[in-house]
Amino acid sequence: MTGQPSRIWVLLGERRGDNNQLLGLAEALGVPFETRTITYGWWWWVMLNFFPRQPFLLTGKARRTLQPPWPDLVIGIGRRSVAVSRWIKQQSGGRTKIVRLGNPRVDSRVFDLVITTPQYPVPRKDNVLALPFAISRNSKPPKPTADEAHWLASLPRPHLLVCLGGPTRYWKLVEADVARASEAISRKAREAGGSVIIATSQRTPASTAKVIERSSAGSAVLADGRVRFPVLLADADEYYVTADSVSMISETLLTGRPVGLIPVELNAEGKLALGKVRPSGSKRDIRRFWCELEAKGLRGTVEKPVSGTIADPIEAAAEAVKRLLGDTVE
């Protein structure tokens with residue numbers, strides 16, 4: 001296959017943030033690729049446990065998209081697509097190489113390359129690339145539409161962008177903390193004559209956005225789909241991000257502009273599973289990512305946001321994939 005272009009499949013799922021990482025990496029390779037949208041039946045967790053190398057956890061529609069010719073490379077993320085990737089490699093006679101993002105939750109030697117970030121307890125082996133920040137597809141933002149540009153221009157600068165995540169398995173947003181952060185951010189905006197813009201995610205409870213709107217005394221405006229997030233990201237002068245989201249923290253820090261974290265707390269399950277004192281060594285724990293930020297002097301707060309120049313992790317990830325494929329990626 002030497003000298004021939006690689007056939008690359010990207011396994012997309014239901015999570016927008018995960019898909020953006022996959023697509024960002026694929027686009028950074030600079031060669032054509034194909035996507036396969038993977039959907040799962042309600043029985044997926046049973047099938048994954050009993051058939052870790054088979055696609056039985058997929059819906060019939062998703063299985064029908066997986067047909068030869070088999071790819072040279074399959075890129076995926078998340079626990080559920082591990083079985084699909086392994087089955088594809090099996091069908092290709094072992095020729096397909098597997099690149100995994102995040103935490104595959106199985107021995108990394110199953111894959112050709114694992115690309116991970118600090119919050120995941122992935123043992124560091126020769127085929128594991130540990131990046132300090134998450135891959136972002138938004139480092140090269142799209143051009144604003146006329147409506148987006150008009151809406152942003154109508155708001156006085158500086159633009160302070162509040163990026164909201166939401167509850168996760170182990171972490172929660174505390175409304176009192178969100179309200180205090182909102183009051184401080186709104187005060188900064190008023191003193192500077194600027195605006196507070198709220199960007200929500202799929203995980204953001206409606207009540208959290210309302211807390212910010214109330215506590216800002218009406219000075220915060222909800223983007224609410226009027227402007228795409230990558231455009232908001234490129235436009236803002238400062239960022240305030242809930243500390244639960246590695247991807248949004250990474251994306252904002254990559255801009256080189258000031259970033260402050262809005263605190264989150266362990267929920268009851270998190271206190272039991274992770275412990276209250278130090279990061280867990282065996283489970284996904286975002287505190288390991290916070291420690292990485294602290295070591296690099298990038299753990300800003302609402303009161304004192306910080307900025308710094310960091311290398312775009314997508315470049316290191318793309319180079320590692322190119323080395324894996326050799327001259328077939330040219």
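How many bridges join strand β7 to strand β9, and in which direction do the two run? In this predicted model, five bridges link β7 to β9 (residues 195–199), and these strands run parallel. Strand β7 covers residues 159–163, and five of its five residues are buried, so the rest of the structure largely encloses it.

**Pairing of β7**
- The bridge partner of H159 in β9 is S195.
- Strand β11 (residues 238–242) also runs parallel to β7, with four bridges joining them.
- In β11, Y239 is the bridge partner of L161.

**Side-chain directions in β7**
- Side chains in a regular strand alternate between the two faces of the sheet.
- H159, L161 and C163 point one way from β7, while L160 and V162 point the other way, and all are buried.

**Surroundings of H159**
- H159 lies in β7 and has a relative accessible area of 1%, so this residue counts as buried, the cut-off being under 20%.
- The side chain of H159 makes a polar contact of 2.7 Å with the side chain of D235.
- A polar atom of the H159 side chain also lies 2.8 Å from the backbone oxygen of L155.
- Leaving aside residues up to four places away in sequence, H159 touches L152, S195, I197, D235, A236, D237 and E238.

**Cysteines**
- C163 is buried, at a relative accessible area of 0%.
- C291 has a relative accessibility of 42% and therefore counts as partly exposed.
- Zero disulfides are found in a search of the whole structure.

Key:
Residues are numbered from 1 along each chain as its sequence is written. This is a predicted model: local features need pLDDT of at least 70, side-chain atom pairs count only at pLDDT 80 or more; totals for chains, interfaces and linings use all residues. Side-chain values use heavy atoms; hydrogens and water are left out. Buried means under 20% relative accessible area, exposed over 50%, partly exposed in between (1.4 Å probe, protein chains only). Two strands pair if DSSP finds at least two bridges between them. A disulfide is a pair of cysteine sulfur atoms within 2.5 Å. A polar contact is a pair of N or O atoms within 3.5 Å; within protein, one must be able to donate a hydrogen and the other to accept it, and residues adjacent in sequence count only if both atoms are side-chain atoms. Contact means heavy atoms within 4.5 Å.
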